Amino acid sequence: MTKPVELDLPVDGATLRVLRFGTGRRIAVAAHGITASAMSFAAVARHLPPEWSLYALDLRGRGGSSAADGPYGIDRHADDVCAAAQYWGGGRPVALMGQSMGAYVVLRAAARAPRLFGGVLLVDGGLPLPVPAGADPDALLDATLGPAIERLALTYDSDEDYVAFFRGHPALGPHWNEDIEAYVRYDLTGPVGARRSRAQEPAVRHDGRELLVRGEDFGHDLTGLTLPARLLYAPFGLLGAAPGMLPPELVGYWTSKVLNLTSEPVPDCNHYMILMGDPARTVAARLAAL
């Protein structure tokens, strides 16, 4: 597996880490999921045509940007994505891709600065999530992302112990490959005997709460889209089983409502393997078609 080039992106109040995959002149910018990192896009980048370069951000509080302070939130991440497009776009519109939480980030970036982008690829995210009336968003966040958030406070004696933890994950372990292993090892920090994830719990909690309470804002972003957008979605979810993150009924509602949005189910994959398994070929092909 070819290692990406690690770059620095100066942004408001911080310097973010960005991984560049490829050396082509056509540019794509990508934003990852809520506890993930830029390394989650390695398989997609490998399947892009050689004329492409993919610039994947480590969002604030994650990966090589774990030390970047808040405020966090979808608006701040969207500003950072726009900064990356301006910094590396060379004055030309770039392709835009986001997965999971990153899909909401790139949707907001496209709504704010459409002139920077040529099209948007949403991967298993970007649609307003149904939240029961009167639900406590913090309790709902713990119910849906609780295990992922709890993991951020755990420490491990060695890198191999951390890798072994992920090998036991029901959505990853059965499909283990070199891209997953590189993704897991990239996430590690801390001294020997106390290795841990680089993702910061305050950032994850802040951003996760926004995903639940800002559905109306995301709906406005979708209905106001002036760029062509495509949604790819997986049938299986965070634990590798049905249902997926985006029910087909929800996808159907928004694709019928948003003129510029088309959708495509990607069969036989879960929320993670849509990027890090064989479906990465499909994701790359749809990105290159923007």
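Five helices each supply at least two residues to the lining of the largest pocket: α3 (101-112), α4 (137-151), α5 (159-167), α7 (201-213) and α10 (273-276). The model is predicted. Among the contributors, α4 gives the largest share of that lining, with seven residues.

How much space lies in the largest pocket? About 1100 Å³. The lining comprises 42 residues, and those closest to the pocket centre are T144, L145, L238, M245 and Y272. By class, 28 of the lining residues are nonpolar, twelve are polar and two are charged. Rolling a probe the size of a water molecule over the atoms shows where empty space is left.

The second largest pocket has a volume of about 290 Å³. Its lining counts 19 residues, and T2, F21, G22, A45 and R46 are the closest to its centre. Here the elements that give two or more residues are β2 (14-21), α1 (42-46) and β4 (52-57). This lining divides into eleven nonpolar, four polar and four charged residues.

Now step back to the whole chain. It has eleven helices and ten strands. The radius of gyration is 17 Å, close to the 19 Å that the globule rule gives for 290 residues, so the chain is as compact as a globular protein of that length. Along the principal axes, the C-alpha atoms fill a box of roughly 50 × 45 × 40 Å. Of the 290 residues, 54% count as buried.

D80 sits in helix α2 (residues 74-88). Is D80 buried or exposed? Its relative accessible area is 3%, under the 20% cut-off, so D80 is buried. Which residues does D80 contact, once its neighbours within four places in sequence are left aside? They are L9, V11, L16, L57 and R60.

Next come the cysteines. The structure holds zero disulfides. C82 counts as buried, at 9% relative accessibility. C269 is buried as well, with a relative accessible area of 3%.

The backbone has some points to check. The bond from G70 to P71 has omega near 10°, and P71 lies in the loop between β4 and α2. The bond from A242 to P243 has omega near 5°. P243 is found in the loop between β9 (229-233) and α9 (248-257).

Positive phi values are the other point. S100 is not a glycine, yet its phi is positive, about 55°. S100 is placed in the loop between β5 (94-99) and α3. At 12% relative accessibility, S100 counts as buried. D124 is not a glycine either, and its phi is also positive, at about 50°. The place of D124 is the loop between β6 (117-123) and α4. With a relative accessible area of 2%, D124 is buried.

Conventions: Residues are numbered from 1 along each chain as its sequence is written. This is a predicted model: local features need pLDDT of at least 70, side-chain atom pairs count only at pLDDT 80 or more; totals for chains, interfaces and linings use all residues. Side-chain values use heavy atoms; hydrogens and water are left out. On a 1 Å grid over the protein atoms alone, a cavity is a set of points where a 1.4 Å probe fits but cannot get out, and a pocket is an open set with protein on both sides within 12 Å along at least five of seven lines; lining residues have an atom within 4 Å of a point. Grid points are joined across faces, edges and corners, and a volume is the space filled by probe spheres set on the points. Helices (H or I, at least four residues) and strands (E, at least two) are DSSP runs, numbered from the N terminus. Ala, Val, Leu, Ile, Met, Phe, Trp, Tyr, Cys and Pro count as nonpolar, Asp, Glu, Lys and Arg as charged, and the others, Gly among them, as polar. A disulfide is a pair of cysteine sulfur atoms within 2.5 Å. Buried means under 20% relative accessible area, exposed over 50%, partly exposed in between (1.4 Å probe, protein chains only). The radius of gyration is taken over C-alpha atoms; the globule rule is 2.2 Å times the number of residues to the power 0.38. Contact means heavy atoms within 4.5 Å.
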